[in-house]
Number of protein chains: 2
Amino acid sequence: MIVRDFHEAKNTDRKVGAQRWNSVRLLLKDDGMGFSFHITTIEAGSEHRFHYKHHLESVYCVSGKGSITDIATGETHEIRPGVMYALDKHDEHILRCEEETVFACVFNPPVTGDEVHREDGSYAPADTAA
Amino acid sequence: MIVRDFHEAKNTDRKVGAQRWNSVRLLLKDDGMGFSFHITTIEAGSEHRFHYKHHLESVYCVSGKGSITDIATGETHEIRPGVMYALDKHDEHILRCEEETVFACVFNPPVTGDEVHREDGSYAPADTAA
């Protein structure tokens, strides 16, 4: 059994970040679960364009407020606690957070822990990630 | 993109339950993510013995208070918001919740949606589940 605490992990190299967001990886590929699990915090008043070309991701809103726009369809969905979105088609999307927003995120295949978002908004494929 | 709201899903057949717990399945096998994602609520003052022989599971505490005992090692860990445990060895365990406790749970392989806990505390293997 693995037991980890977000409040401890956020002070270690499990926390990675880029412009106005950070992600604390509580489970990574090495843990052998077949997925990775991250607590991701998006700053209030920020907007992000993400496109995970090589991963499927589900994102559950624990706290905060915002919206997500599916680039392919143009549809915008409200984000509030209890809302989950799943990028089952590697959907390119824009995420806006009015308040600081915390998400519980699952990636398949699991993130190795060294990826950062590339300029095109994606993570590298698992087999080429550093 | 799939978008679902816990507060709506809990009033549908996505919510299943047994003695003093319930689980709202926001993602199931049919969604094709390679994992399932559940919001599970454990009643205050309840104790549960679980053993997922055929699934790996990660469990992240969103709210509440309790403890988990790993049967194999005898170790007990405190459960509070931000604590995650992962049953990477199909660990048999006892979960106690002092307060109503809400968890974000990930199962691999994904749950089909029809499983309930069997008398031995497990879910059936994916290929035999109803």
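Me: In this predicted model, which strands form the open sheet of chain B, and in what order?

Reply: In chain B, 4 strands form an open sheet, with the order β5-β10-β7-β8 and antiparallel pairing. β5 (46-50) and β8 (76-79) of chain B each have a single partner strand, so they stand at the edges and one side of each is left without a neighbour in the sheet. On average, neighbouring strands of this sheet are turned by 20° against each other, direction ignored.

Me: How many bridges join β7 to β10 in chain B?

Reply: Strand β7 (residues 66-70) of chain B runs antiparallel to strand β10 (residues 93-97) of chain B, and 5 bridges join them. To find your place in that pairing, look at T69(B), which stands opposite I94(B) in β10(B).

Me: And how does β5(B) pair with β10(B)?

Reply: That pairing is antiparallel as well, over 5 bridges.

Me: Which side chains of β5(B) are buried?

Reply: Start from the general idea. In a regular strand, side chains alternate between the two faces of the sheet. Along β5(B), S46(B), H48(B) and F50(B) point to one face and are buried.

Me: What should I look for in the hairpin of β2(B) and β3(B)?

Reply: Check the pairing, then the turn. Strand β2 (residues 15-18) of chain B pairs with strand β3 (residues 21-27) of chain B in the antiparallel sense, over 4 bridges. Within it, V16(B) has S23(B) in β3(B) as its bridge partner. The hairpin has 2 residues between its strands, and R20(B) in the turn has a positive phi of about 65°.

Me: How do I read the area buried between chain B and chain A?

Reply: The size of an interface is often given as the accessible area lost when the parts come together. Here the area buried between the two chains is about 3,200 Å², and carbon and sulfur atoms give 68% of it. M1(B), M33(B) and M84(B) supply 25% of the area that chain B buries against chain A, more than any other three residues. In terms of contacts, 39 residues of chain B meet 39 residues of chain A.

Me: Is M1(B) buried or exposed?

Reply: M1(B) is buried, because its relative accessible area is 17%, and the cut-off for buried is under 20%. M1(B) lies in the segment before β1 (2-5) of chain B. Leaving aside neighbours within four places in sequence, its contacts include I68(A), H77(A), Y85(A), L87(A) and H93(A).

Me: Which residues touch the most other members of the largest nonpolar core?

Reply: That core has 34 residues, and L26(A), F37(A), L26(B) and F37(B) touch the most other members. Take F37(B) as a case, not counting residues up to four places away in sequence: among the residues it touches are S58(A), Y60(A), M84(A) and V106(A) from chain A, and L26(B), A104(B) and C105(B) from chain B.

Me: Finally, what are the elements of chain A?

Reply: Chain A has 1 helix and 11 strands. From the N terminus on, they run β-α-β-β-β-β-β-β-β-β-β-β. Of the 130 residues of chain A, 56% count as buried. Chain A exposes about 5,600 Å², of which carbon and sulfur atoms supply 46%.

Methods
Residues numbered from 1 in each chain as written. Chains lettered and ligands numbered in written order. Predicted model: local features only at pLDDT ≥ 70, side-chain atom pairs only at ≥ 80, totals over all residues. Heavy atoms only, no water. Core = buried A, V, L, I, M, F, W, Y, C linked by side-chain atoms within 4.5 Å. Buried < 20%, exposed > 50% of the residue type's maximum accessible area, 1.4 Å probe, protein only. Contact = heavy atoms within 4.5 Å. Pairing = 2+ DSSP bridges. Axes fitted to C-alpha atoms, helices over the stretch in contact; angles between N-to-C directions. Areas by Shrake-Rupley, 256 points an atom, 1.4 Å probe, with all protein chains shown as cover. Buried area = accessible area lost by both parts, 1.4 Å probe.
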